[in-house]
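Please look through the model shown below, beginning with the chain as a whole and then turning to single elements and residues. The paragraphs after it follow that order.

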Amino acid sequence: MSGTPQDAGPGEPAKHGLPELIAERRAKAARLREADAESFPYAFAGVEPIAGVVEAYEHLADGEETEEHHRVAGRLAARRGSGGAAFLDVVDRTGKLQLHARRDVLGEEAFERLTSLDIGDLIGVDGAALRSKRGEISLRVDRFQVLAKALRPPPDKHGGLSDVETRYRRRELDLIASEPARRLFIDRAKIVSAVRGYLDGQGFVEVETPVLQPLYGGALARPFTTHHNALERTLYLRVATELYLKRLLVGGLERVYELGKDFRNEGVSTKHNPEFTMVEFYEAYADYGDVAVRLEELVRAAAAAVGYAGEIDFARTWRRVSFVAAIDEATGIDLASVRDADALRKAISERELQIRTQDATWAQMADDLLSKFVEPGLVQPTFVLDYPVALSPFAREHRSLPGLVERWEAFAGGMEIANAFSELNDADAQRERFEAQRAAAEGGDEEAQPYDELFVQALEQGMPPAGGVGVGIDRLVMLLTGRDSIREVVLFPAMRD
RNA sequence: GCCCCGUUAGCUCAUCUGGUAGAGCGCCGGACUUUUAAUCCGGUGGGGCGGGUUCGAGUCCCGCACGGGGCACCA
């Protein structure tokens, strides 16, 4: 780091580029250390949240002062006025409070020290509540302590930080500059908490299963690969928690869930981050219809937790439509009568639909039709039911519709938010599905499931019939907070170096 | 991986066909004892990186890096 005050030789003109701004602030910090032994304490006890202080004085009339004292702390966000009186805005995680500094109250020295602070500095304040003549609830500063110095200038105090790259790479600056950004991540925490609260309340047991796995599985995705030195073996970062959680159903936990990160080595987009948060929950003695109701309740609870007031109606029972009917509605192709790849390829080209048909299987094309022509239109929450078996190696065959499995995906806001099945609990059938995946892998499908013998053996112990659901938490947050990019709702999204 | 767009001061943005790069905020100095993006006076700071064309490049050309949007892949 260059640009200390000493670097500027005598007689050189003063400059105010970034190095000079930092040097200026560093010099102020040094002066503070000299002038005020109480600066930069190790702690500042007894701080009240700002929002609570403001709320307590709503009743004050303009210009009315009190002798009721409060202690607050936070970051200096703005400064107005000078001479004998100054106004400073201090911000904490709950809100913003105006400070009224007066020379006659603080005395010459302290007043100068306070008004020469930089925006961005962290201060602790003791003062009496008042409402200013202009109507702003404020604290008259009686005493203050500088808690920490900001050596670097903060983003523009009213323009804020709008460069998206800086907002994502330097999220702390985004949070300093943007109250909506702070609120968003607090809302995210409330959503996560509501999800846990719902599942806990229904008797689900929260568990933690390996992130580092000798064999990955549970989702059609390419994994990240890593290496354990002492064990001398390749490990994979999990792509899903599914298989371990179902082993816990075998173990008798009956209702289990895990909320945590999954990792998929695929592209990034406005809807995909390589690491993302998923909650998966499994319920013994339930089928995919039962867990659909669970998802409705869970999302309703999450929406309530953040006071969702958007256009999506989570209160009603969600629409349910079959996979085949949904595609028929959107494209006019009836998959029930177009049952092989060549016929489907022909139907797609006849309608001039923009779908990749080269080297594609029937199932892949069907899935493409859904994601391209159905999904974007599903704004109100909708379950799409009963998928082709080839797309779903862990779902149980449909009880009445041959060739299909009991699976649904839930969509809202034009986006997939959850995926669920009546779980396949027949060990022999599961073994056959793995064989089919192995064949797909040998055919070059990099997302095919590796054969997991331990999982099959677990099923051979007997797994209760069960319904299982995976919910993308990031997408749920996007949905409930109205953000259109996953990078907006992940604190530190994946970025190129 | 492909296509389009962007990158100028600490922050937010300008800069017509190539001709000495501007503003607001911030910061520094000064005035002001109820301001709300406080105000007023003075000062301060800059062309992503690497090549090329040209008397002269922020501006034109090529390459690179990073970002945004879209496509492909996926959740």
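Predicted model: local features only at pLDDT ≥ 70, side-chain atom pairs only at ≥ 80, totals over all residues.

Chain A contains 16 helices and 16 strands, and its C-alpha trace spans about 85 × 55 × 50 Å along the principal axes. A compact globule of 497 residues would have a radius of gyration near 23 Å, whereas the value computed for chain A is 29 Å. Of the 497 residues in the chain, 47% count as buried, and the exposed surface comes to about 24,300 Å², with carbon and sulfur atoms supplying 49% of it. Among the contacts between residues at least 6 apart in sequence, 65% join residues that are at least 24 apart.

In helix α15, which runs over residues 473–481, nine of the nine residues are buried, so that the helix is mostly covered. The buried residues there include charged D474 and R475, as well as L476, V477 and M478. Just after α15, G482 takes a positive phi of about 70 degrees.

Helix α10, residues 323–331, shows another arrangement, for its buried residues are F323, A326, I327 and T331. Why do these residues lie on the same side of α10? They cover an arc of only 105 degrees around the axis, and therefore they share one side of the helix.

L130 is found in strand β4, residues 122–131, and L130 counts as buried because its relative accessibility is 3%, below the 20% cut-off for burial. Leaving aside residues up to four places away in sequence, L130 touches L60, E64, E65, H100, E136, I137, S138, L139 and R140. The C-alpha atoms of L130 and P41, which are 89 residues apart along the chain, are separated by 27 Å. R183, in helix α7 (residues 179–201), counts as partly exposed because its relative accessibility is 45%, and its C-alpha atom lies 22 Å from that of V279, 96 residues away along the chain.

Most residues other than glycine have a negative phi. Which value does phi of E254 take? Phi of E254 is near 65 degrees, a positive value in a residue other than glycine, and E254 sits in the loop between α8 (242–250) and β10 (255–263). With a relative accessibility of 38%, E254 counts as partly exposed. Phi of Y285, likewise a residue other than glycine, is positive and near 65 degrees. Y285 belongs to the loop between β11 (275–284) and α9 (288–305), and because its relative accessible area is 58%, Y285 counts as exposed.

Methods: Residues numbered from 1 in each chain as written. Chains lettered and ligands numbered in written order. Heavy atoms only, no water. Helix = DSSP H or I, 4+ residues; strand = E, 2+ residues; numbered from the N terminus. Rg over C-alpha atoms; globule rule 2.2 N^0.38 Å. Buried < 20%, exposed > 50% of the residue type's maximum accessible area, 1.4 Å probe, protein only. Contact = heavy atoms within 4.5 Å. Areas by Shrake-Rupley, 256 points an atom, 1.4 Å probe, with all protein chains shown as cover. Arc of directions from axis to C-beta.
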